[in-house]
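I opened a new page in my notebook for this one. The plan is to look things up one at a time and jot down what I find.

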Amino acid sequence: MLTIIIKKNISSYCAEIMNTSIRTLACSVALASSFAAHAADSSSITSEIQALKQRIAELEARQSQPAVSTASGASWTDRVTLSGQAEFLATHSELESDSENDLDVDNVELTIDAQINELISLSTTLKYEDAAEGEDDFFVDEAIAVIAKEGNPFSLTVGKTGIPFGVIESSTWTDPLTDDFTDNTDDLAMLSFNQGGFSSDLYIFKGDQSGDDHVDNAGLNLGYAFENGLTLGAGYLNKIGNTEAFDQPGSQSAWRLNAALELGELGFSAEWIQTDSFDSLGGDKPSVWHVGTHYNTAVFGAAGTLALGYSESDDASGIDLAEKRLAASISRELGSNAELIAEYVHEEDYASESVDTLNLVLATYF
């Protein structure tokens, strides 16, 4: 008789909670438990019912909390990735009348990439580098958001990053003079199009002389990648004097032509940049060009690269740019995510003074 009463009590309780899947499961467990416990006393069964009620309340509370996930159900840890690098430098330089040597933590970078949703991705790079006295050692090197939809050739990039005028295709550790000529990090907005082998970028950026009330610096890149490994490109900048390397008044524009060819493990690259004449530089029209090659091969039993690059500038003494730079390097992997680089650099300035430098770099990545 006790068992029948208990069954009625449990059945009545189940009728109250049949509207959720969790309650239905609890009822089934309760009914099964009642048949198995028909010999137990009433106080024991009452305790079991109270425990079931408490468990159901906990499950309902947990089910009501929203999960932190993307539309595809992935947690935030699946949407965020960390990467970085650290380079350690030992260097020795022979000048005309002196010599120098040094040990440095040359640079450290930490990059955080996040897929915010199906349309927006975010990338932030924090960087430390061995800077000149008076300059910041630690800074935000890049912070950009990219709006793009999968399968759509258009994308929009906004934020702080390098101005994409110079291409800088070089495999040596020391960058060519084309990098010194065009290096500039600034706030920008860029609309890009990529489809097939064709690519284009139309961008505007703040510039060192624009102030905070208007933006009137713009650039355009065009490129095409052929299936045989050949890539051709061109670029235009309306005010190159408004960049960090120049910092010259006026509205002088600049043009760029570039090409690269990949033939298996062998590669070649070339780049040429020309500006308008600057009144502030005595009518000079600074220009710079670079050619380079690299070959991926085994070096002492491990994967490595042999690289050679030569760059030269013209009419660029007024912007404190070297006239010639030759760099030759050999690199060898040291296990996964690390390599050792040995490099020789010869540089001449417009006063015909030269410096020869030997660099030994331990580069690590994660």
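Below are my entries, going from the whole protein to single residues.

**Ground rules.** I'm working with a predicted model, where local features need pLDDT of at least 70, side-chain atom pairs count only at pLDDT 80 or more, and totals for chains, interfaces and linings use all residues. Residues are numbered from 1 along each chain as its sequence is written, and side-chain values use heavy atoms, with hydrogens and water left out.

**Whole protein.** I looked up the helices and strands and got 5 helices and 16 strands. These are DSSP runs numbered from the N terminus, helices being H or I with at least four residues and strands E with at least two. Of the 366 residues, 33% are buried. Buried means under 20% relative accessible area, exposed over 50%, and partly exposed in between (1.4 Å probe, protein chains only). The protein exposes about 20700 Å² (Shrake-Rupley method, 1.4 Å probe), and carbon and sulfur atoms supply 55% of that.

**The core.** Which residues have the most contacts inside the largest nonpolar core? I found Phe 165, Phe 181, Tyr 203, Ile 240 and Ile 319, in a core of 20 residues. H5, strand S6 (185-195) and strand S7 (198-205) each supply at least two residues of this core. A nonpolar core here is a set of buried Ala, Val, Leu, Ile, Met, Phe, Trp, Tyr and Cys residues joined through side-chain atoms within 4.5 Å.

**Tyr 203 and the rings.** Leaving out residues up to four places away in sequence, Tyr 203 touches Phe 165, Met 190, Leu 220 and Tyr 236, among others; contact means heavy atoms within 4.5 Å. Next I checked aromatic pairs, where rings of Phe, Tyr and Trp (its six-membered ring) have centres within 6.5 Å; planes under 30 degrees apart are stacked, over 60 edge-to-face, and the rest tilted. That rule gives 8 aromatic pairs. Why is the pair of Tyr 203 and Phe 205 called tilted? Their planes are at 35°, with the ring centres 6.3 Å apart, so the pair is tilted. Both residues are buried. Phe 154, Phe 193 and Phe 198 form one aromatic cluster.

**Phe 165 again.** The charged end of Arg 256 sits over the ring of Phe 165, 5.9 Å from its centre. The rule asks for NZ of Lys or CZ of Arg within 6 Å of the ring centre and within 35 degrees of the ring normal.

Most residues other than glycine have a negative phi. I noted that Ile 168 has a positive phi of about 55°. Ile 168 lies in the loop between strand S5 (154-162) and helix H5 (177-182), and is partly exposed at 22% relative accessibility. Asn 337 has a positive phi too, near 65°. Asn 337 is in the loop between strand S14 (324-333) and strand S15 (338-348), and is exposed, at 52%.

Is Gln 85 buried or exposed? Gln 85 is in strand S1 (residues 80-94) and counts as buried, at 19% relative accessibility. Ser 200, in strand S7, is buried at 15%.
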